[in-house]
Amino acid sequence: MTRTTTTTRTTPAIGAAMTRIEGPDKVRGSATYAYEYPLDAVAYCCAVGSTIAHGRVRSTSADAIRQIPGVLEVLSHANAPRLAISDGSELAVLQSDRVAYRRQIVAAVVAESFEIATEAAGALEIEYDVEPFAVELKSDDPDLYRPDKVNPGFPTDTEAGDVDGALRSAAHVVDHTYRTPAYHNNPMEPHASIAVWEGDDLTVFDSNQGASPVRARLAELFGLPTGSVRVVSEHVGGGFGAKGLPRPVVVLAAMAARVVDRPVKIAVTREQMFAFVGYRTPTIQRVQLGADAGGRITAIAHDVIEQTSTIEEFAEQTAVATRMMYAGASRRTTHRLRRLDVPTPGWMRAPGECPGMFALESAVDELAIATRLDPIELRLRNDPPTDPETGAPFTSRNLEACLREGARLFGWSQRHAEPRARRDGRWLVGTGVAASTYPARARASKATAWARPDGSFDVELCAADIGTGARTALTQIAADALGAEPRRVRLGLGDTNFSEAPLAGGSMGTSSWGWAVTRACEGLRARLAAANGSVPVAGLAVEVDTKDEIERRAQRPAHAFGAQFAEVRVDEDTGEIRVARLLGVFAAGRIVNPMTARSQLIGGMTMGISMALLEASLLDREYGDYLNHDLAQYEIATCADVPMVEAHWIDERDDFVNPMGAKGVGEIGIVGTAAAIANATYNATGVRVRDLPIRLEKLIG
Ligand code: MOS
């Protein structure tokens, strides 16, 4: 027995701008990412995508390819190991000859080197039986259908009151259709996996947003007990939702390693990032708003059309934020889908809220013009005291404070309501505002806290730090719950050998993991106190599971809110458009780490600039695919496009959401940004762009 002293700290670690713990490792290049684990006798796998959009694989030239020196095996549906699923879904890799979309994985080459695998994959010839395909989303498509629910489990449609009647009798009506294109997630680090089998035990080094769910799915697919699969994901270079679920490559790595009986590594190429790892669905959104003479909304309708694939259903919850944003007695939201011969869409930063709030917040700006009200005043007049659909109280709702503080910081009072009223030489200058919101939820998580005889602590759970700073934030949370200095806490994550935890998604990481970390550390602190601070040589551990506590907690609507302000400059002759300033004010509960939180918010806002002005995956109607599949043709904002982005927040305490009072900041930054820029563009030019991106040809002529 050794005696340890736990000094009670008085300065909280939560709220301090602590730099990323793993920052020096990342800067030095010594942080190991999935593809980089050094393993002996590793082989390389290269996935081969279909060149047709719909049909069957008839035959491949696998036999010829196997003769190439250095090629170990060619996998196709003809010889790939059988998985526990054969339903043709995205993870049923090489389980059938069916091709559901262009560039779906239909074969793979395993070889001694990356170069040989890539070369041989390029030489593989595949014969297909080609079938007709449909890849284009159209609003009048007779095959649109109503899904049973929208992601992750919301009702598909909601309706209250008499929307059409209220619209007919409204003093002011706005009725427009807004469109957003498909978007492809492109984290800096593409998906990558190394799979290693030892007997029937599988270890995978994998880049993902949640190693626990990847382990569970791999165990299921390969018919293994969960305990036989270990997933290690210590450092991850971004995800944005694309790594929220296991993707075909991790399955392929495990399959290939089984077949060649060696460790196998695979990395998704940048080009393949546009093929089979998910994307945001294009949307067609009709928004109708009715208001009385005083600008009080009487009717809201938001009807959405979007796509899914023929092999899985993903229904983005595009209109869900409209259910809680503004007051109005008569209201309707609907979602309709079309199954197309395309890859399955999936999560991308703020699925639902992001495209949906572009439409809603553009329409609200159009209503402000119709009612001749300042857009902030219009929003304040319609800020509901309770959830407008259910009447339930919000845990906290500080949209008003965000709008008012944002207006003050931005200098909103300088604005001219009339479009084209401000210019600076050739530049037309305009400003715009939009609201933002994102739900504040938490999932059950486990966590283990260890006291060590030397007075240090290990806090371990299978959380994911995808570059957000989660490791650092959880260290701060643990330190406060332990009453210890953060430097005495080692935070272990990204390994299924640690306590099971949910994925990094839905801005729930800090809430879900932090909750479990808090309870584990509180439990350990109580144990230490009872033991008078003495710690056995082997250490003292407390593991918790927050499942019961979270289930017991009454559900109440909990959301973060924000207000986005944009100033744009448009060259009157060329239509060149620049975002000169972007300023966001957020009410996101307690901010655990101002440094990493600011970087999340600014990152989201920057992605919003991309969405507003640049990003679009363009459809190739001839071959049935997205045409632009590299970062030269799929444009994203660079430093030159982002001169000034500021994120601020108001002091908000919300003791209901979780023990830390933190609401999550990963996604809200992108919500509303594109609408603020579109609204500012209208103010500058008098041109309303309702289909993103806002490109110069839409502003001139
Ligand atoms: Mo995020 S799109 O919930 O990973």
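A disulfide is counted here as a pair of cysteine sulfur atoms within 2.5 Å. In this predicted model, a search of the whole structure by that criterion finds zero disulfides. Cys521 illustrates the result: the closest cysteine sulfur to its own belongs to Cys462 and lies 17 Å away, which is too far for a bond.

## Domains and their interface

To the contact, domain 1 contributes 24 residues and domain 2 contributes 21 residues.

The size of an interface is often given as the accessible area lost when the parts come together. For domain 1 and domain 2, the area buried between them is about 1,700 Å², and carbon and sulfur atoms give 61% of that area.

Ala554 is found in the loop between α13 (547-552) and β26 (559-571). With a relative accessible area of 53%, Ala554 is classed as exposed, and its C-alpha atom is separated by 19 Å from that of Trp513, which is 41 residues apart from Ala554 along the chain.

## Aromatic pairs

The count of aromatic pairs, taken as rings whose centres lie within 6.5 Å, comes to nine. In one of these, Tyr178 and Phe358, the ring centres are 6.2 Å apart and the planes stand at 90 degrees, so the arrangement is edge-to-face.

Trp197 and Phe222 form another edge-to-face pair, with 5.8 Å from centre to centre and 65 degrees between the planes. Here too distant parts of the chain are linked, with Trp197 in strand β12 (residues 192-198) and Phe222 in helix α5 (residues 211-222), 25 residues apart. Trp197 counts as buried with a relative accessible area of 12%, and Phe222 likewise counts as buried, with a value of 18%. Elsewhere, ring pairs join Phe410, Trp412 and Phe565 into a cluster.

## Charged groups over rings

Aromatic rings also take part in arrangements with arginine side chains. The charged end of Arg339 sits over the ring of Tyr145, at 4.0 Å from the ring centre. In another such arrangement, the charged end of Arg556 is placed over the ring of Phe656, at 4.7 Å from the centre of that ring.

## Backbone features

Which residues are joined by a peptide bond that is cis, with omega near -10 degrees? The bond in question runs from Asn151 to Pro152, and Pro152 has its place in the loop between β8 (149-150) and β9 (154-155). A further cis peptide bond runs from Leu692 to Pro693, where omega is near -5 degrees; Pro693 lies in the segment after α15 (673-685).

Positive phi values in residues other than glycine are found at Leu94 and at Arg372. At Leu94, phi is near 55 degrees, and the residue lies in the loop between β4 (71-76) and β5 (98-99). Arg372 is not a glycine either, and has a positive phi of about 60 degrees; the position of Arg372 is in the loop between α8 and α9 (375-381). Is each of these residues buried or exposed? Leu94, with a relative accessible area of 4%, is buried, while Arg372, with a relative accessible area of 74%, is exposed.

Conventions:
Residues are numbered from 1 along each chain as its sequence is written. This is a predicted model: local features need pLDDT of at least 70, side-chain atom pairs count only at pLDDT 80 or more; totals for chains, interfaces and linings use all residues. Side-chain values use heavy atoms; hydrogens and water are left out. Rings of Phe, Tyr and Trp (its six-membered ring) pair if their centres lie within 6.5 Å; planes under 30 degrees apart count as stacked, over 60 as edge-to-face and the rest as tilted. Helices (H or I, at least four residues) and strands (E, at least two) are DSSP runs, numbered from the N terminus. Buried means under 20% relative accessible area, exposed over 50%, partly exposed in between (1.4 Å probe, protein chains only). A charge sits over a ring if NZ of Lys or CZ of Arg is within 6 Å of the ring centre and within 35 degrees of the ring normal. Contact means heavy atoms within 4.5 Å. Buried area is the accessible area (1.4 Å probe) that two parts lose on being put together, summed over both.
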